[in-house]
Amino acid sequence: MEFLAEALPSMLEATAATIWISAVAVAIGFALGVPIAVACSAGRVWANLYVSFFRGVPLLIQLLLAYYALPFLGVDLPAIVAAVGTLSLCCAAYMAEIIRGGFALVPKGGLEAARLLGLTPLQTLLRIRLPISAQAMRPALISEAILIVKASSLISVVGILELTRSAQALASSTFEPLPAYALCGAIYLVINLTLTFLAQGRGGAQRA
Amino acid sequence: MMAALADSFLAAARGLPLTIAIWGAGVATGLVLGFLVAAIRFFAPLALSWPLAMAVEAVRGVPFLVQCFLLYFGGPFIGIDLSPIMAGWVALSVYGAAYFSEVFRAGFLSVPPGQLEAARMLGIPRHQAVLRIMLPMMALAVLPSLANLAVILIKETAILSIITVPELTFRVQGVGSATFAFAETTLVLALVYWALVEATAWASRHTERRIARALAA
Amino acid sequence: MTAPILSVRALERRVGDVEILRRIDLDVMPGEAIGVIGPSGSGKSSLLRCIAGLDAVSGGEVMVEGRRTQPGDGAVGMVFQHFNLWPHLTARENVALALRLVRKMPAAAAAEKAEAALARVGLAALGGRKPAALSGGQQQRVAIARTLAMEPRVLLFDEPTAALDPELTTEVLDVIRDLAAAGTTMLVVSHEMGFIARLSTRVVFLDHGVVVQAAPPAELFAAQAEPRVRSFLQTYLDRVAWARDA
């Protein structure tokens, strides 16, 4: 009880950080994922390389690369920007795969109708393809959001204060790693179960 | 700079065997555990399957890094005192098992009940029907997902460096701290993992195709 | 003598070694309704898709009012076998979307025009429904309204009732007949022979990518001078005979 009283304020603050970091990464990831998906479908080599790299290299290594290699190249970003940026770029690679899968489910006829009626490719993408595939992509998007919440724990390694980092600090200051990490894990679980619940709830409402 | 790159590749070569060993061991135990969990959840009564479902949700909902910390730093307080390598193996197995079990469960659910009913009407005992009809039918369906997960687990092994498992990432980072050539060492790490993951993914796709062809013939 | 509104010159389409359309020539006058019939695989749908610009042509050209057409330039409208409505939009939104995005109409004006188009196909009351909440016949009528609203010079119907249950075909065929009566220039691919016979000013019989015969329906259906036309129509007559016996 005493532990909780001491731990909760800092942990809740860190929870907020984890949530906004994840939300930003998912939002940027989706926004970047759309053009990457389009480029992948069009067989662009850079897009396929992008997806292959960000899905092939452990996120931990990507974060270290941004942390060490960017300054080496003369790019000096605040650590939080580098970390959230890397998380977003990585998310975009997974999003591109999800979006590409969703696009494959859009019937060709609907796109032909759009073309005949004179919609531009961009209009067709935004007004027809994305909305039609959104419903089918929703479960995968929620899974990806959960993966990002979990992956955001890795940015503790480059010194960003979020849930995991906060738990580490708590563990070393209280000499009680077990409750510290258990609390940390429980908070992640609550965030992710909430996401799952929201996904199911909204999906159910739409079906009705 | 060239020296740092060369040292990094050497360190990578020294770390790679442990990365592959702990990955292979983790995938193997993860598959066995995952299959058992899925089978119990599918066949056993609710009282048994419900706690397992909760456990799977818990493992899937918590970052792997936090699980490693819990086991490695928290474990000793409840009498689980493991070496880094053992802790890494156990953590990877449990984490893998949770995901594998979901794939196996989906596989069980994908077999139409009519197939088992047909076997039952022919008088084939239930365990025989499961063994000879259900498992072969689901094998082909679950294989790609299992392989995909196994490839993802390669990347998770990098996280084990944080709990000081002397694998690939740990060794190459050691070169970084000794020479301060962090940019070069991290670049080498990225390239090695990229190659490892792409090669494994290619091999699994290749094997899948061969198995599918063999089963179709 | 007025000029043809649509003229197809030496149109060819090959896919690999397969010749799908072989030197098709066709002039369509304003207000004509051309029925296109022929065995399955004869190239009927390809002809329409080439006129619309959806399928690439290997040779020849398609002109509407003397200009080469391109998909989306508004010259040609097409109604598809499978409706191709956009499932996430209501009927009204399906009709209004291109008006807003392509014609740049303000939302209110586009909605009003969409309502008018829906009223024309007898669906004034159902504009707020999504495609999934409409019957197949109603969906196809929305698709017709969607095309009509853009006021194309030529309307193409690609087997518009082939995906419908038989009892739902009439409502769609009635709409097409009304449009033809109002002077809409159209090409209709259909297997509804009775409908084609009554609707068309001329009927084009295609076989293996070639126009075997193009004639007013009375001539083509009654005389059946061409043996391939005769054997094709025989299968339909057989079906009718069966129905009478049953």
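How do the axes of helix H4 of chain A and helix H6 of chain A cross, and within what distance do they come? In this predicted model, local features need pLDDT of at least 70 and side-chain atom pairs count only at pLDDT 80 or more, while totals for chains, interfaces and linings use all residues. Residues are numbered from 1 along each chain as its sequence is written, chains are lettered from A and ligands numbered from 1 in the order in which they are written, and side-chain values use heavy atoms, with hydrogens and water left out.

The axes of H4(A), residues 79-104, and H6(A), residues 121-151, come within 8 Å and cross at roughly 135 degrees; axes here are lines fitted to C-alpha atoms, for helices over the stretch in contact, and angles run from 0 to 180 degrees between N-to-C directions. That angle makes H4(A) oblique to H6(A), given that angles under 35 degrees count as roughly parallel, over 145 as roughly antiparallel, 65 to 115 as roughly perpendicular and the rest as oblique. H4(A) passes H6(A) in a right-handed crossing (left-handed if the near helix is turned anticlockwise from the far one by less than a right angle, right-handed if clockwise). On the H4(A) side the contact (heavy atoms within 4.5 Å) includes Leu87(A), Tyr94(A) and Phe103(A), and on the H6(A) side the residues include Arg129(A), Met137(A) and Glu144(A). By class, this contact has 14 nonpolar, 2 polar and 2 charged residues, where Ala, Val, Leu, Ile, Met, Phe, Trp, Tyr, Cys and Pro count as nonpolar, Asp, Glu, Lys and Arg as charged, and the others, Gly among them, as polar.

Helix H3 of chain A, residues 59-72, also packs against H4(A), the two axes coming within 9 Å and crossing at roughly 135 degrees. H3(A) and H4(A) are therefore oblique to each other, and their crossing is right-handed. Leu59(A), Gln62(A), Leu63(A) and Ala66(A) of H3(A) meet Ala82(A), Ala83(A), Thr86(A), Leu87(A) and Cys90(A) of H4(A), a contact with 7 nonpolar, 2 polar and no charged residues. Chain A as a whole has 8 helices and 0 strands (DSSP runs numbered from the N terminus, helices being H or I of at least four residues and strands E of at least two), and its C-alpha atoms fill a box of roughly 70 × 50 × 20 Å, taken along the principal axes.

Between the chains, 2 pairs touch, and the most contacts are between chains A and B. Chain B and chain C do not touch, their nearest C-alpha atoms being 27 Å apart. Chain C meets chain A through 21 residues of chain C and 15 residues of chain A, burying about 1,700 Å², of which carbon and sulfur atoms give 67%; buried area is the accessible area (1.4 Å probe) that two parts lose on being put together, summed over both. In chain C, Trp86(C), His88(C) and Leu101(C) lose the most area to chain A, together 31% of what that side buries.

Within chain C, the domain assignment, which is automatic or from a database, gives domain 1 (1-75 + 155-246) and domain 2 (84-151). Their C-alpha centres lie 25 Å apart, and the contact takes 12 residues from domain 1 of chain C and 13 residues from domain 2 of chain C. The two domains bury about 950 Å² between them, 71% of it on carbon and sulfur atoms.
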